[in-house]
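Please look at how the two chains of this model meet.

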Protein chains: 2
Amino acid sequence: MKKLVLLGSTGSIGANTLQLVADFPDRFQVVGLTAGSNNDKLIAQIRRFRPRVAALADEAAADRLRRQCRSRRDLRDLKIEILSGTDGLIRVAASAEADMVVSAIVGSAGLAPTLAAIRARKPIALANKESLVMAGPIVCEEARRQGVAILPVDSEHSAIFQSMAGQRRTDVRRLILTASGGPLLDLPLSKRRTIKPAQALKHPTWRMGNKITIDSATLMNKGLEVIEARWLFDIAPDRIDVVIHRQSIVHSMVEYRDGSVIAQMGIPDMRGPLAYALNYPERLPLALPSLDLTKVKMLTFEAPDLKKFPCLGYAYEAVKTGGTMPAVLNAANEAAVRAYLEGRIGFLAIARVIRETMDGHIPQAAPGLDDVLEADRWGRERALKMIQ
Amino acid sequence: MKKLVLLGSTGSIGANTLQLVADFPDRFQVVGLTAGSNNDKLIAQIRRFRPRVAALADEAAADRLRRQCRSRRDLRDLKIEILSGTDGLIRVAASAEADMVVSAIVGSAGLAPTLAAIRARKPIALANKESLVMAGPIVCEEARRQGVAILPVDSEHSAIFQSMAGQRRTDVRRLILTASGGPLLDLPLSKRRTIKPAQALKHPTWRMGNKITIDSATLMNKGLEVIEARWLFDIAPDRIDVVIHRQSIVHSMVEYRDGSVIAQMGIPDMRGPLAYALNYPERLPLALPSLDLTKVKMLTFEAPDLKKFPCLGYAYEAVKTGGTMPAVLNAANEAAVRAYLEGRIGFLAIARVIRETMDGHIPQAAPGLDDVLEADRWGRERALKMIQ
């Protein structure tokens, strides 16, 4: 029985994790949950999975939940401790009884709890990109020092991880990340300016949250994955390639020094990579349909067009520059995507905001955690000014 | 330094093995060679690689080579022992100083020397399909008893082997062998009868010997590979699928019980899988071009049409029947393909000869080596009678 702490239980990774726990009750148990704020989804999760502890980032929401746990008949018999704020998240992340921490908070808020879990020597199933994008060297150094495994949950990084099983790291020549290209792949540059969020949110192959779906439409998502892969697999950015693969069947690939390429494929369903991380190195008998390539018929591959997708180039630039630059890239992107989703800027402005924020940043080399968080704050502020 | 014995040095696998030895002189050394008969190619190989021993299947050819080694100025200073006949092949296969035996004899003649090498506890790089097709249970049982690894050299089986690295065998759900479909894939059934060997020998993606190229055109090659995979990976035939993949980029795949599919890809060049077997588990820095999927653009997959390719169905039938049936299938196919290449029968008659030979065979269960060799002899004779 593996005891899990789930950071970010109400998002899509959180929901899928809990689905796996429900499907394999003999293997997994949830001992801790965290969420941003209180809502019916979280209460339903607490009732069903009965964690010993939960934390809400929002203090008022945590208070409300505490009151509900005392007053509501269906919650009264639960033995649960409700914590709150960043300290609360960190305490849950470091729970003594946890065997593994699933890091599935969206955005930069995931960094501190993930680091706390590593310091508590918990193996990490990592879905929170930002931990590595913002603070890759800090997180990886801490994981190495504590002897903690970081198991990727992203389908692309899981594919690379699976394609490296049983192989020597020194034999790796190149990583090849695949990208569906998102919903706007074929839209000419001239028509991208006026794209409404509703259209940009129609992802062709994956169902994900809004932020990440817009990141797919700009290919920033792939850019962030390049940065993540750089740290996760300790490989220079110029040995990480991106190819457009519309069908999202090949989740990513590794080329070895003998020219051999190992690829991991499957129908696009995040339970696959998630279950691999949770139960590594054994695979679970998932009730997912087999991949029938004779029905898929065709897999296509194209080089990405950096004129159409400047954000991908910016991400490469940020990771090559290093220091605090990736944190600034990420912060500017978060601010710009939110503004776009709220109708405050146009689609092409996302890239412009990031470009100008990066141009205004003097990166600090070898930053500590505080420097990274300060760069994140600076990047957000600078981007917001530009947006206004 | 790994000391190699190369059984079948003058064929295409032999030539590629020696090319790798030449490319990596610090890693490999050839201590023994065998060939069918004497010729300039063999003499050039002996001069260049200076094995301590060589064997020729043909006695007269061996005598001639012995004389040449005494009389020819360019051979006189070689310290080489020349053996002959099946006994000679077996003695070379079991050479005390060999660290690995490359089994690359074409056809059923490869069986006895391969078994001899296993009995001498030599790890095997196996290119000779017939050892496993004819005598899979015997060869595998012997390898298990001796604790000997059999490393596949065929691109398909190497792909499966590579796709299983670091995975638990119990997690495997299905093997998926890819087949280019050969040179006649799109030829309608009505036009297949009159296909001349010259046309059937034009393989679209792989350069191989004549026998195996005709086997590609009938898909018998894939059928033999299904049988080989059944033994090599100890998996039931109904968990081995074949898909037509015209580009020969995905060399084969393994599906796991979580729905994940691991595939091995590369440009079609047999040095890749050969080098993997020779140097396993480390990969060699081969001077092969990288696979650029954005140039390949498209990978296609189709179900094979068993009406067009009855031989594939016969192979499944033979391995499911078991006992001596696969040996008879293989013998009838060898006889029929030779007759076709010599212009004695038409293309469609290849399948008919195999079908009728199988129909006339009463398979023996759990055969010993002698039974298998007798079934092989019987199958050849019966097929030849039909051909005449």
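What follows describes the interface of a predicted model.

In this predicted model, local features need pLDDT of at least 70 and side-chain atom pairs count only at pLDDT 80 or more, whereas totals for chains, interfaces and linings use all residues. Residues are numbered from 1 along each chain as its sequence is written, chains are lettered from A in the order in which they are written, and side-chain values use heavy atoms, with hydrogens and water left out.

**Contact and buried area**
- The contact (heavy atoms within 4.5 Å) takes 42 residues from chain A and 42 residues from chain B.
- Chain A and chain B bury about 3700 Å² between them, 50% of it on carbon and sulfur atoms; this is the accessible area (1.4 Å probe) lost on being put together, summed over both.
- A:D258, A:R283 and A:F301 supply 20% of the area that chain A buries against chain B, more than any other three residues.

**Links across the interface**
- There are 4 salt bridges between the chains (a side-chain nitrogen of Lys or Arg within 4 Å of a carboxyl oxygen of Asp or Glu), and B:R283 forms a salt bridge with A:D258, with the closest N and O atoms 2.7 Å apart.

Definitions and conventions: Buried area is the accessible area (1.4 Å probe) that two parts lose on being put together, summed over both.
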